[in-house]
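Visitor: I would like to learn how to read individual features in a model of this kind. Could you take me through some of them, one after another?

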Amino acid sequence: MHFRSITRIVGLLVILFSVTMIIPGIVALIYRDGAGRAFSQTFIVALIIGLMLWIPNRNNKSDLKPKEGFLIVVLFWTVLGSVGALPFIFSEQPHLSITDAFFESFSGLTTTGATTLVGLDSLPKAILFYRQMLQWLGGMGIIVLAVAILPLLGVGGMQLYRAEMPGPLKDNKMRPRIAETAKALWLIYVLLTIICALALWIAGMDVFDAISHSFSTIAIGGFSTHDASIGYFNSPTINVIISVFLLISGCNFALHFSVLTGRSLNIYWRDPEFRMFIFIQLGLVIICSLILWLYSVYDSGWTTINQAFFQVVSMATTAGFATDSFAQWPTFLPLLLVCSAFIGGCAGSTGGGLKVIRILLLFLQGSRELKRLVHPNAVYTIKLGHRALPERIIEAVWGFFSAYALVFIISLMLLIATGVDEFSAFSAIATTLNNLGPGLGIVADNFTTMNPAAKWILVVTMLFGRLEVFTLLVLFTPTFWRD
């Protein structure tokens, strides 16, 4: 294990992250909200930490093995999440405890969107902007991780799109070099953010809110600058705009790459994962609209459809924005929406959850087993598109699902052991492991009432969800640390 090379890379990451503190610092100067000192202090501390890690190891540039890649990926989120907590610790308003500061930082960077803050409308603009920026940076990190890094390590959703099977990476001949791939993804990500911000501004948001919400929308984060979230604006047009951009961000960014390089839009529809993603969203919208209409929750049919469309897309893509308290919706709808986050977005998107491609392959595997019960001697192959999948892919999906279920159950038991009631604990683990944000029970609005031990458990759960379980779980195996 080349620890000095790993330390050098982490040091560079912290130095780069320290530079981002200049942006909210400028926001503090513009609005004169008194929060500038927190960001200048964070800049200095983070820069010193980064230099201390980088300078002694700056000449160590060994080629890293996949095993070391796992450690770097985990350190990327844990170290930056920890450094990211500093502005919340240094800030006088809000005055957060260390636990709450870490919770808020990790929730932002992992694009979970769970919060311990209340009274957002009265907080300094710079703090509000910083929360949104954390999610935006985390969202870009997810895309580069999922599309450029994890396939090289053999983990994550995008390993399903290797050369031996049909899919975006094969069809689009995505550039093999990580730097070039990351550059192309950055361009798509930034373009979507700019277009979303302009659309929200035209729809009626002021410049600050438009930029802030475009950050959390494209990152599928869910943080807002208002306690009432998107409901603050009371605008059906804004609801639709955010929903559309959440759907775009919930798609595989490799598909967007193909459109940017001049391919036909038909490539979206040719992708089995994309089709299933759209069908799931459509089915959920229809179910929610019918139930809301039957129970006369809203005055008009248009309002019913608008609210159902927004809330379904927000929850199913794991954003967690709100226009209304969905926890108060009738019958099974609140639980349905929380459970929809288990599916989440497509592989290679900024969404959380198990990922649509894995759900699709689990469904196909289940169908094959049913056929085998009827015809035990028949040979059935699982196909995605027009090509058969190797059994190794199916085994990997089952392995991931098993690890996911194990992490879910252990986290749930630990949370209940801290004194949280069973229903709220289930909801809290479901929302943090799937990087969703809002839940049900005592976490329907925020996580303020959670005890400190529970919050630390949820921070780890957020990391497990963001790092696709295996990436973090492998560090706990003795085999990983053996030479």
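Visitor: In which helix does Ser105 lie?

Guide: This is a predicted model, and in it Ser105 belongs to helix α6, which covers residues 98–109.

Visitor: Is Ser105 buried or exposed, and which residues does it touch beyond those up to four places away in sequence?

Guide: Burial is judged by relative accessible area, with under 20% counting as buried. Ser105 has a value of 0% and is therefore buried, and, leaving aside residues up to four places away in sequence, it touches Leu80, Gly81, Gly84, Ala85, Phe88 and Leu134.

Visitor: How many salt bridges does the structure hold, and which residue pairs with Arg131?

Guide: Side chains of opposite charge can pair when their charged atoms come close. The structure holds six salt bridges, and in one of them Arg131 pairs with Glu104, with 3.0 Å between the closest N and O atoms. This pair links distant parts of the chain, since Arg131 sits in helix α7 (residues 125–153) and Glu104 in helix α6, 27 residues apart. Arg131 is buried, at a relative accessible area of 1%, and Glu104 is buried as well, at 0%.

Visitor: Where do Glu468 and Lys355 lie?

Guide: The side chains of Glu468 and Lys355 form a salt bridge, at 3.2 Å from N to O. Glu468 is in the loop between α20 and α21 (470–473), while Lys355 is in the loop between α16 (333–340) and α17 (356–374), so the pair ties together parts that are 113 residues apart in sequence.

Visitor: What salt bridge does Arg372 form?

Guide: Its partner is Glu369, at 3.0 Å from N to O, and both residues lie in helix α17, three residues apart, which is about one turn of the helix. Here Arg372 is partly exposed, with a relative accessible area of 32%, and Glu369 is likewise partly exposed at 32%.

Visitor: How many residues of α20 are buried?

Guide: Helix α20 (residues 452–466) has 15 residues and spans 21 Å from its first C-alpha to its last, close to the 21 Å expected. Of these 15 residues, 11 are buried, so the helix is largely enclosed by the rest of the structure; among the buried ones are Ile457, Leu458 and Phe464. At the start of α20, a side-chain oxygen of Asn451 comes to within 3.2 Å of the backbone nitrogen of Ala453, and just after the helix, Glu468 adopts a positive phi of about 55 degrees.

Technical notes
Residues numbered from 1 in each chain as written. Predicted model: local features only at pLDDT ≥ 70, side-chain atom pairs only at ≥ 80, totals over all residues. Heavy atoms only, no water. Helix = DSSP H or I, 4+ residues; strand = E, 2+ residues; numbered from the N terminus. Expected span 1.5 Å × (residues − 1). Buried < 20%, exposed > 50% of the residue type's maximum accessible area, 1.4 Å probe, protein only. Polar contact = N/O pair within 3.5 Å; in protein donor to acceptor, adjacent residues only side chain to side chain. Contact = heavy atoms within 4.5 Å. Salt bridge = Lys/Arg side-chain N within 4 Å of Asp/Glu carboxyl O.
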